[in-house]
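Hello,

I am passing a structure on to you, together with some notes on what turned up in it. Have a look at it first, and then read on below.

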Amino acid sequence: MNFDVAIIGGGLAGLTCGIALQQQGKHCVIINNGQAAMDFASGSFDLLSRLPDGSAVENLPENLTALCNALPAHPYSLLGAEQVISKAQAFEDLAQSLNLHLVGSSEKNHWRVAGLGSLRGTWLSPNSVPTVEGNEPFPHKRIAVLGIEGYHDFQPQLLAANLVLNAQFTHCEVTSGFLNIPQLDELRQNAREFRSVNIAQLLEHKLAFDELVKEIVDSAQGAEAVFLPACFGLENQEFMTALRQATKLALFELPTLPPSLLGMRQRIQLRRRFESLGGLMMNGDSAVKAHFDGDRVRCIMTRLHNDEEIVADNFVLASGSFFSKGLMSEFNRIFEPVFYADITGVAGFDEKDRFTWTDNRFSNPQPYQSAGVVINAHCQVQKSGQFLKNLYAVGNVIGGFNALELGCGSGVAVVTALTVADEILAK
Ligand SMILES: Cc1cc2nc3c(=O)[nH]c(=O)nc-3n(C[C@H](O)[C@H](O)[C@H](O)COP(=O)(O)OP(=O)(O)OC[C@H]3O[C@@H](n4cnc5c(N)ncnc54)[C@H](O)[C@@H]3O)c2cc1C
């Protein structure tokens, strides 16, 4: 099988890169073995939420420059703050063309309401999620936070109690309650199946839509705004829009415990765009090994096509971190299992010394979270001390930064993905 570009991993980074390349006429394959981090994420995209000293980031360009000075190994530092902003803006355009319905800008972060009622600084959020700018008060005074009877992945009382502790919500009267949705009774037999995705699937055909609308209106008890768990609308926001029109309320949805419909919807849209542009998805398959010609990758082999080489001019490693098995660990080593690329991390981290992987204070950033492959300013991957000419890395498989600590996971994914697409197109 011959392609212009073979991409390993179909998460945010792999799909974004694939779309940008297909749009410019490159024939790509994405080999993807399972769910991605997006399927568990909040639906908001973080570009840079915190600095290494823990302070919250508001102005993005200014703080990106500060970060690049403070952490020279961070992928943003390798690319430069200007490039990061320019690629972030390019992603905003792409998201708009995909109808991801995001609000926010690469100028400054906004606050989104998190599942337990605290506020998190972020770059882009679905417009169905409650957000506020800076210290501005939330525009609605009376808010009802409504869970679903029997559904445990969203706790309205906790959310309501915490919400009013934020300065932007102190003027609000927040009540909480539960929706009774008889259509979901069959899910109650098995608590493990009572998840956001199962709820959305059962309600998708709108068989008892009018009853649901009445239940929301009655439970809101006169509130202007209603916060619901993100359980309505499997593939896009159409269900929420229909509910909003029918209830005539300011309806918002909040991330639940995973799986996350907000993130899954985005991945579905990205994947559809990639395929509609002619890209090939090899789902359920994994890249297992590579063959090299000097400083180039010649081909990769996959688990399901183990007697057929996948040959390409360029290869993109978009396999994520430990969570997605893009990185793996054994007792005395952390490694990248397809190309066996060189591994790096934050200062003091050594991939062959497990005593450097963790900090003994549990709540501190953990050094293993910064592990990943070594790249240069072109995002080319280093193996045995040498940068490979046609192997690039994008997203969370890259080392040298802690996405959890800094709140920059999605930003690194899209910025490196669009950078690599440009690198390949410029060849
Ligand atoms: C639980 C969780 C919640 C998060 N929440 C947020 C959030 O709210 N906001 C935010 O900005 N960021 C969040 N992040 C971070 C952000 O989502 C990720 O940094 C970003 O989505 C990573 O994208 P990626 O494409 O690099 O990797 P991934 O999404 O991990 O995708 C990698 C893909 O590669 C596949 N793969 C791996 N190895 C192979 C192989 N050998 N062959 C084929 N396929 C392979 C995997 O199955 C997976 O589908 C979260 C991350 C996690 C883990």
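**Strand pairing around β21**

Strand β20 (residues 380–383) runs antiparallel to β21, and three bridges hold the pairing. Here two strands count as paired if DSSP finds at least two bridges between them. Helices (H or I, at least four residues) and strands (E, at least two) are DSSP runs, numbered from the N terminus. Before going further: this is a predicted model, in which local features need pLDDT of at least 70, side-chain atom pairs count only at pLDDT 80 or more, and totals for chains, interfaces and linings use all residues. Residues are numbered from 1 along each chain as its sequence is written, and side-chain values use heavy atoms, with hydrogens and water left out.

Back to β20 and β21: they make a hairpin with two residues between them, and S384 in the turn has a positive phi of about 50°. K383 is the residue opposite Q386 in β21. Strand β21 (residues 386–393) is also joined to strand β15 (residues 310–317), this time in parallel and by three bridges. F315 has L391 in β21 as its bridge partner.

**The parallel sheet**

There is an open sheet of four strands, ordered β9-β8-β10-β11, with parallel pairing. Its edge strands are β9 (173–179) and β11 (250–254), each of which pairs on one side only. On average, neighbouring strands of this sheet are turned by 25° against each other, direction ignored. Axes here are lines fitted to C-alpha atoms, for helices over the stretch in contact, and angles run from 0 to 180 degrees between N-to-C directions.

Strand β10 (residues 225–229) and β11 run parallel and are joined by five bridges. Within β11, E253 is the residue that L228 stands opposite. Lying across β8 (142–148), β9, β10 and β11 is helix α5 (residues 156–163), which runs at about 170° to β9.

**Helix α8**

Helix α8 (residues 238–247) has F239, M240, A242, L243 and T247 as its buried residues, where buried means under 20% relative accessible area, exposed over 50%, and partly exposed in between (1.4 Å probe, protein chains only). After α8 comes K248, with a positive phi near 55°.

**Aromatic rings**

Rings of Phe, Tyr and Trp (its six-membered ring) pair if their centres lie within 6.5 Å; planes under 30 degrees apart count as stacked, over 60 as edge-to-face and the rest as tilted. By this rule there are 13 aromatic pairs. In one of them, the ring centres of F45 and F91 are 5.4 Å apart and the planes stand at 45°, so this pair is tilted. F45 is in the loop between β2 (28–32) and α2 (60–70), while F91 is in helix α4 (residues 81–97), so the pair links distant parts of the chain, 46 residues apart. Both F45 and F91 are buried.

F91 also forms a tilted pair with W123, at 6.0 Å centre to centre and with 50° between the planes. W123 lies in the loop between β5 (119–122) and β6 (125–126), 32 residues from F91. F91 counts as buried because its relative accessibility is 0%, and W123 is buried with a relative accessible area of 0%. Elsewhere, ring pairs connect F138, F169, F227 and F252 into a cluster.

Two arginines are worth a look too. The charged end of R333 is over the ring of F335, 3.9 Å from its centre, and that of R354 is over the ring of F331, 4.5 Å from its centre. A charge sits over a ring if NZ of Lys or CZ of Arg is within 6 Å of the ring centre and within 35 degrees of the ring normal.

**Two buried serines**

S319 belongs to the loop between β15 and β16 (328–330). S319 is buried, at 15% relative accessible area. Neighbours within four places in sequence aside, S319 contacts I8, G9, S324, K325, G326 and V397.

Best wishes

Conventions: Contact = heavy atoms within 4.5 Å.
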